[in-house]
Amino acid sequence: MIDNEIYAITVSNKLDREEMKYIINSCNKQKNKLNIIGLNRPFDWIKRLQYYIEELERLDSISTNSIAVLTDAYDVFYTDTLNNIKHKFIQMDADIVFSCERWYSHQIESIKIKHDDNAKLYGSGSQYRYVCAGCYIGYIKPLITFLKSILDEQFIEKVSSLGGEKYFKLGLDQCLMGY
(Lines give C-alpha, C1' and ligand atoms only; values in the text may rest on other atoms or scores of the structure.)
Protein backbone atom coordinates (compact mmCIF):
# COMPACT_ATOMS: atom_id res chain seq x y z
CA MET A 1 0.00 0.00 0.00
CA ILE A 2 1.11 3.53 -0.78
CA ASP A 3 0.73 6.07 2.03
CA ASN A 4 0.17 9.84 1.80
CA GLU A 5 0.36 10.04 -2.00
CA ILE A 6 -1.17 12.94 -3.95
CA TYR A 7 -2.86 12.54 -7.32
CA ALA A 8 -3.79 15.17 -9.93
CA ILE A 9 -6.94 14.02 -11.72
CA THR A 10 -9.00 15.57 -14.50
CA VAL A 11 -11.82 14.28 -16.70
CA SER A 12 -11.94 14.61 -20.47
CA ASN A 13 -13.55 12.41 -23.09
CA LYS A 14 -10.77 13.22 -25.58
CA LEU A 15 -7.10 14.09 -25.35
CA ASP A 16 -7.01 17.46 -27.09
CA ARG A 17 -3.55 18.90 -26.43
CA GLU A 18 -4.56 22.34 -27.77
CA GLU A 19 -7.69 22.70 -25.62
CA MET A 20 -5.91 21.14 -22.63
CA LYS A 21 -2.64 23.04 -23.13
CA TYR A 22 -2.84 24.98 -19.85
CA ILE A 23 -3.19 21.96 -17.60
CA ILE A 24 -0.83 19.73 -19.61
CA ASN A 25 1.92 22.34 -20.01
CA SER A 26 1.74 23.47 -16.38
CA CYS A 27 1.87 19.87 -15.13
CA ASN A 28 4.89 19.24 -17.34
CA LYS A 29 6.59 22.40 -16.08
CA GLN A 30 5.96 21.47 -12.43
CA LYS A 31 6.76 17.79 -13.09
CA ASN A 32 3.28 16.85 -11.84
CA LYS A 33 1.85 13.59 -13.10
CA LEU A 34 -1.65 14.25 -14.47
CA ASN A 35 -4.15 11.42 -14.54
CA ILE A 36 -6.70 12.05 -17.32
CA ILE A 37 -9.74 9.84 -16.86
CA GLY A 38 -12.83 9.39 -19.01
CA LEU A 39 -10.93 9.25 -22.31
CA ASN A 40 -13.03 7.84 -25.17
CA ARG A 41 -16.06 7.60 -22.87
CA PRO A 42 -19.29 9.61 -23.01
CA PHE A 43 -19.14 12.92 -21.14
CA ASP A 44 -21.69 14.87 -19.15
CA TRP A 45 -21.54 16.37 -15.65
CA ILE A 46 -23.06 13.35 -13.94
CA LYS A 47 -20.70 10.95 -15.70
CA ARG A 48 -17.81 13.22 -14.72
CA LEU A 49 -18.63 12.65 -11.06
CA GLN A 50 -19.07 8.92 -11.65
CA TYR A 51 -15.62 8.76 -13.32
CA TYR A 52 -14.09 10.59 -10.35
CA ILE A 53 -15.70 8.12 -7.94
CA GLU A 54 -14.45 5.12 -9.94
CA GLU A 55 -10.90 6.48 -10.01
CA LEU A 56 -10.92 7.48 -6.34
CA GLU A 57 -12.18 4.03 -5.33
CA ARG A 58 -9.40 2.45 -7.40
CA LEU A 59 -6.79 4.68 -5.75
CA ASP A 60 -8.30 4.03 -2.31
CA SER A 61 -7.70 0.32 -2.85
CA ILE A 62 -3.95 0.87 -3.40
CA SER A 63 -3.20 3.77 -1.06
CA THR A 64 -4.01 4.96 2.43
CA ASN A 65 -4.47 8.50 3.69
CA SER A 66 -3.89 9.81 0.17
CA ILE A 67 -5.01 13.09 -1.37
CA ALA A 68 -6.52 13.91 -4.76
CA VAL A 69 -6.75 17.20 -6.66
CA LEU A 70 -9.81 17.11 -8.95
CA THR A 71 -9.91 19.76 -11.68
CA ASP A 72 -11.51 20.90 -14.89
CA ALA A 73 -9.49 19.90 -17.95
CA TYR A 74 -9.43 23.06 -20.06
CA ASP A 75 -9.07 26.16 -17.89
CA VAL A 76 -6.89 25.02 -14.97
CA PHE A 77 -3.15 25.24 -14.59
CA TYR A 78 -0.74 24.25 -11.83
CA THR A 79 1.59 26.88 -10.38
CA ASP A 80 3.28 24.57 -7.88
CA THR A 81 4.40 20.99 -7.47
CA LEU A 82 2.01 18.36 -6.17
CA ASN A 83 4.29 17.80 -3.19
CA ASN A 84 4.08 21.48 -2.17
CA ILE A 85 0.32 21.49 -2.79
CA LYS A 86 -0.01 18.40 -0.57
CA HIS A 87 1.88 20.05 2.32
CA LYS A 88 -0.19 23.25 2.05
CA PHE A 89 -3.39 21.20 2.04
CA ILE A 90 -2.35 19.17 5.10
CA GLN A 91 -1.65 22.43 6.98
CA MET A 92 -5.25 23.53 6.32
CA ASP A 93 -6.43 20.66 8.55
CA ALA A 94 -9.52 19.98 6.41
CA ASP A 95 -10.93 16.93 4.68
CA ILE A 96 -11.81 18.82 1.48
CA VAL A 97 -11.00 22.33 0.25
CA PHE A 98 -12.88 23.89 -2.68
CA SER A 99 -11.61 26.55 -5.03
CA CYS A 100 -13.20 29.95 -5.35
CA GLU A 101 -13.46 32.29 -8.31
CA ARG A 102 -13.16 36.05 -8.35
CA TRP A 103 -15.81 36.70 -11.00
CA TYR A 104 -19.42 35.59 -10.79
CA SER A 105 -19.76 35.09 -14.50
CA HIS A 106 -21.43 31.75 -15.13
CA GLN A 107 -23.31 30.82 -12.00
CA ILE A 108 -26.92 31.25 -10.94
CA GLU A 109 -27.42 34.98 -10.38
CA SER A 110 -30.09 34.59 -7.69
CA ILE A 111 -27.60 32.83 -5.39
CA LYS A 112 -24.81 35.43 -5.72
CA ILE A 113 -25.90 37.28 -2.57
CA LYS A 114 -25.40 34.07 -0.50
CA HIS A 115 -21.78 33.91 -1.68
CA ASP A 116 -21.27 37.58 -0.81
CA ASP A 117 -22.84 37.14 2.63
CA ASN A 118 -20.70 34.05 3.34
CA ALA A 119 -17.58 35.95 2.31
CA LYS A 120 -18.44 38.70 4.82
CA LEU A 121 -19.15 36.22 7.62
CA TYR A 122 -16.41 33.65 7.08
CA GLY A 123 -13.94 35.11 4.63
CA SER A 124 -10.93 37.32 5.04
CA GLY A 125 -12.31 39.92 2.68
CA SER A 126 -10.86 38.17 -0.35
CA GLN A 127 -12.41 38.91 -3.71
CA TYR A 128 -12.16 35.16 -4.44
CA ARG A 129 -15.48 34.25 -2.86
CA TYR A 130 -17.51 32.34 -5.44
CA VAL A 131 -17.29 28.64 -4.67
CA CYS A 132 -16.47 26.63 -7.77
CA ALA A 133 -16.52 22.94 -8.64
CA GLY A 134 -13.70 23.42 -11.13
CA CYS A 135 -11.00 22.51 -8.62
CA TYR A 136 -11.02 20.86 -5.24
CA ILE A 137 -8.61 18.86 -3.16
CA GLY A 138 -9.20 16.37 -0.41
CA TYR A 139 -8.46 13.09 1.24
CA ILE A 140 -9.74 10.29 -0.97
CA LYS A 141 -12.30 8.73 1.41
CA PRO A 142 -14.10 12.04 2.19
CA LEU A 143 -14.05 12.92 -1.52
CA ILE A 144 -15.77 9.62 -2.34
CA THR A 145 -18.42 10.25 0.32
CA PHE A 146 -18.97 13.82 -0.91
CA LEU A 147 -19.23 12.88 -4.60
CA LYS A 148 -21.62 10.03 -3.87
CA SER A 149 -23.83 12.41 -1.88
CA ILE A 150 -24.04 14.72 -4.90
CA LEU A 151 -25.29 11.87 -7.04
CA ASP A 152 -28.20 11.45 -4.65
CA GLU A 153 -31.47 11.36 -6.62
CA GLN A 154 -32.95 14.38 -4.82
CA PHE A 155 -30.00 16.57 -5.78
CA ILE A 156 -30.14 15.47 -9.42
CA GLU A 157 -33.91 16.09 -9.53
CA LYS A 158 -33.47 19.56 -8.02
CA VAL A 159 -30.78 20.51 -10.54
CA SER A 160 -32.80 19.04 -13.40
CA SER A 161 -35.70 21.28 -12.43
CA LEU A 162 -33.41 24.28 -13.08
CA GLY A 163 -33.17 23.36 -16.74
CA GLY A 164 -31.55 19.99 -17.21
CA GLU A 165 -28.04 18.76 -17.88
CA LYS A 166 -26.50 22.09 -18.88
CA TYR A 167 -27.31 23.42 -15.40
CA PHE A 168 -25.79 20.49 -13.53
CA LYS A 169 -22.37 22.14 -13.16
CA LEU A 170 -24.00 25.36 -12.00
CA GLY A 171 -25.97 23.40 -9.43
CA LEU A 172 -22.80 21.61 -8.35
CA ASP A 173 -21.11 24.96 -7.73
CA GLN A 174 -24.07 26.03 -5.60
CA CYS A 175 -24.26 22.80 -3.58
CA LEU A 176 -20.64 23.20 -2.53
CA MET A 177 -21.75 26.19 -0.44
CA GLY A 178 -23.68 23.83 1.83
CA TYR A 179 -21.00 21.20 2.22
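## Salt bridge between Arg 41 and Glu 54

In this predicted model, Arg 41 and Glu 54 form a salt bridge, with the closest N and O atoms 3.2 Å apart. A salt bridge is defined here as a side-chain nitrogen of Lys or Arg within 4 Å of a carboxyl oxygen of Asp or Glu. Arg 41 lies in the loop between strand S3 (34-37) and helix H2 (45-62), whereas Glu 54 belongs to helix H2, so the pair ties together parts that are 13 residues apart in sequence. Helices (H or I, at least four residues) and strands (E, at least two) are DSSP runs, numbered from the N terminus.

Arg 41 is partly exposed, at 35% relative accessible area, and Glu 54 is partly exposed at 41%. Buried denotes under 20% relative accessible area, exposed over 50%, and partly exposed the range in between (1.4 Å probe, protein chains only).

## Further salt bridges

The model contains 8 salt bridges by this rule. One of them joins Lys 148 to Glu 57, with an N to O distance of 2.8 Å. Lys 148 is in helix H5 (residues 140-150) and Glu 57 in helix H2, so this pair ties together parts that are 91 residues apart in sequence. Lys 148 is partly exposed, with 44% relative accessibility, and Glu 57 is partly exposed at 35%.

Another salt bridge links Lys 21 with Glu 18, where the closest N and O atoms are 3.1 Å apart. Glu 18 is exposed at 54% relative accessibility, while Lys 21 is partly exposed at 28%.

Ser 26 is part of helix H1 (residues 21-30) and is buried, with a relative accessible area of 9%. When neighbours within four places in sequence are set aside, Ser 26 is in contact (heavy atoms within 4.5 Å) with Lys 21, Phe 77 and Tyr 78.

Strand S5 (residues 67-71) is mostly covered, 5 of its 5 residues being buried. Ile 67, Val 69 and Thr 71 point one way from S5, and Ala 68 and Leu 70 point the other way.

Strand S2 (residues 6-11) runs parallel to S5, and 5 bridges join the two; strands are taken to pair if DSSP finds at least two bridges between them. Thr 10 stands opposite Thr 71 in S5.

## Basis of the values

Residues are numbered from 1 along each chain as its sequence is written, and side-chain values use heavy atoms, with hydrogens and water left out. Because the model is predicted, local features need pLDDT of at least 70 and side-chain atom pairs count only at pLDDT 80 or more, while totals for chains, interfaces and linings use all residues.
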